[in-house]
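Subject: Structure handover

Hello,

Here is the structure I promised to pass on. Please open it next to this email and follow along as you read.

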Amino acid sequence: MKDIYTGKFVRLSAFDPEEMSKAWSRWYRNSEYVRLLNSSARPMLSPKAELKWMEEEVSEMTPGGYFFAIRTLADDTLIGELVLDVVDWGGRDAFVGLSIGETEYWNKGYGTDVMNILLRFAFAEVNLKRVSLGVFEYNPRAIRSYEKAGFRHEGRLRHLLRREGRRWDNLYMGILREEWLELDHD
Amino acid sequence: MLDIQTQLFDSQDIRLGPIDHEKDAEIESKWTHDSEFMRLMDTNPARPLSAAMIRKQYEKLEKKVEEDKNLFHFMIRLQADERLIGKAAIQWIEWSNGNGFLRLGIGSAEDRRKGYGTQALQMLLRFAFAELNLFRVSAIVPEYNEGAIALLHRFGFVQEVCRRSALERDGRRWDLYVFGLLRDEWQNGARAEEER
Amino acid sequence: MKDLFRGELVRLTLVEPETGAKASLLWQRDSEFHRLLDNNPARSNSEKKIKEWFEKEAESGFKPERFAFSVRTLADDRYIGFLSVWVDLIHSEAWVGLGIGVREDWSKGYGTDMMRLCQQYVFSELCLERLSLGLFEYNSRALRSYEKCGFRPEGRTRNDTLREGKRYDSLWMGILREEWLQMQDGGVK
């Protein structure tokens, strides 16, 4: 049985609420991170407050929800988090959410690496038929990364977001199992 | 007379024992970060777990053992240095029918192919048949787990059921086998071992 | 679109705690009914306990892993049995268990009709890959019915049931999606 946690630069590791609540609090002090990730304003919460909701959600371990921490292969640094949420078992579709909180790791291909690991997990372990995501129009870095991973544009909710006196769209992207199989895998 | 001196839980290199709530969680957490091990051990999707989550699982497990009274769980340690190398269980016990299901895993690849699995299975079967007085022991194994299948065959387990295409992994479907060993078959096997 | 819940002789409907509990109380008096269904020791449960169990199930709400139906005759709307489906979401497989409570209703084709409805639900609505079931070797009536529905024998776990001092095997059966589809094309609906 093949390894499904490891990529080129990172690996999937346990989402430990104790550790993550502290990291989360730190990442949320960066307003750019917050705005790329959240559609509406989100307050800065203390590690203790973050810990509470994390413990509840993560401890459930249902077949439809998967939480991971992202660590570098080089030196095991915690750099971000990843969530896979099955919304529809009929269509076998799940939404993926990922973020890299440590900004030194932006623009280095880490996001694409994580997404490749995630897609393999989604299609080869959870046996899904498609993976979906939402991304903001003003996050071109993420959009490019997802396109590289094989996601196609499927639509947009126009003017869902309001920031800096402007309205922005929320983009929906998706990848089908057959499309993923056709991609070049290592 | 009852052979009370032959130890149920000690073998040449390993021993079966309880959970060490302080030390074991870290080690088990490492095993869950090895997706190859997880995919051999469990048909559910592999999930890396933190030591804290494993500790919570230990509590649930011990509660279940006490309340349901149809489960016996063991940790496997090396005699030499007490190092945790695996875990085992007899579960889903039906007392009125004399059945139980076997689970056994050696967590780290370096600890496999050393005979520990064989010693553990030997002790587990003796526990199941001679102490729990079960009539049959079953095991469920996916067709891709050749190591487990070979081990079960060595102990005389019979492959009784082939659940066709019951599992999906790595983009294809796999069969799931159910193996069974009856008490007389175990006794004959054990006698053969002694005579050797 | 076909009516998924309506067969030739029976229909699938929702589980009602009150009706279900009263019926279960009656059915459990027939030990043959229990022994065909379950290899755990037969029990005498109070109506109160049974009703609590039904209500707890109802309260837990929708779970994608579980589908429970009551079964009523089309002819006279009588509540005659139950159909339970457990889904392994990851591997797209379901397990089915069914029971007809009163012996006068046995051997009337109700079970086969129920199973056909179940297969249709599992394969064309839940879109699963496999449907599995188990039965005891002494339940020849069920075996005939399941064979008629296209289930293939996949083996027997030897001597896993001890009753009246004798040991019996459990039979394991399964039908794959392709096999069910082939039956649809070739067979009469």
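A polar contact is a pair of N or O atoms within 3.5 Å; within protein, one atom must be able to donate a hydrogen and the other to accept it, and residues adjacent in sequence count only if both atoms are side-chain atoms. Keep that rule at hand for what follows.

The model is predicted, so to speak of local features we need pLDDT of at least 70, side-chain atom pairs count only at pLDDT 80 or more, and totals for chains, interfaces and linings use all residues. Residues are numbered from 1 along each chain as its sequence is written, chains are lettered from A and ligands numbered from 1 in the order in which they are written, and side-chain values use heavy atoms, with hydrogens and water left out.

**Glu50 in chain A**

Start with Glu50(A). It sits in helix α3 of chain A, residues 47–59. Helices (H or I, at least four residues) and strands (E, at least two) are DSSP runs, numbered from the N terminus. Is Glu50(A) buried or exposed? Glu50(A) counts as buried because its relative accessibility is 0%. Buried means under 20% relative accessible area, exposed over 50%, and partly exposed in between (1.4 Å probe, protein chains only). The side chain of Glu50(A) makes a polar contact of 2.9 Å with the side chain of Trp53(A). Leaving aside neighbours within four places in sequence, Glu50(A) is in contact with Ser21(A), Trp24(A), Ser25(A), Arg42(A) and Leu45(A). Contact means heavy atoms within 4.5 Å.

**Ile90 in chain B**

Next, find Ile90(B) in strand β3 of chain B, residues 84–94. Ile90(B) is buried too, at 0% relative accessibility. Setting aside neighbours within four places in sequence, its contacts include Phe72(B), Phe101(B), Leu124(B) and Leu134(B). Leu176(B) lies 86 residues from Ile90(B) along the chain, and their C-alpha atoms are 19 Å apart.

The size of an interface is often given as the accessible area lost when the parts come together. Buried area is that loss (1.4 Å probe), summed over both parts. Chain B and chain A bury about 2,100 Å² between them, with 56% of it on carbon and sulfur atoms. In chain B, Arg39(B), Arg47(B) and Pro48(B) lose the most area to chain A, together 27% of what that side buries. On contacts, 23 residues of chain B touch 25 residues of chain A.

How many salt bridges are there between chain B and chain A? The count is three. A salt bridge is a side-chain nitrogen of Lys or Arg within 4 Å of a carboxyl oxygen of Asp or Glu. Arg177(A) and Glu168(B) form one, with their closest N and O atoms 2.9 Å apart.

**Chain C**

In helix α1 of chain C, residues 17–27, the buried residues include Gly20(C), Ala21(C) and Trp27(C). Their cover includes α2 (31–37), α3 (47–59) and β3 (79–88) of chain C.

Now the cysteines. A disulfide is a pair of cysteine sulfur atoms within 2.5 Å. By this rule there are zero disulfides over all chains. Cys118(C) is buried, at 2% relative accessible area. Cys149(C) is buried as well, at 0%.

Best wishes

Note on methods:
Buried area is the accessible area (1.4 Å probe) that two parts lose on being put together, summed over both.
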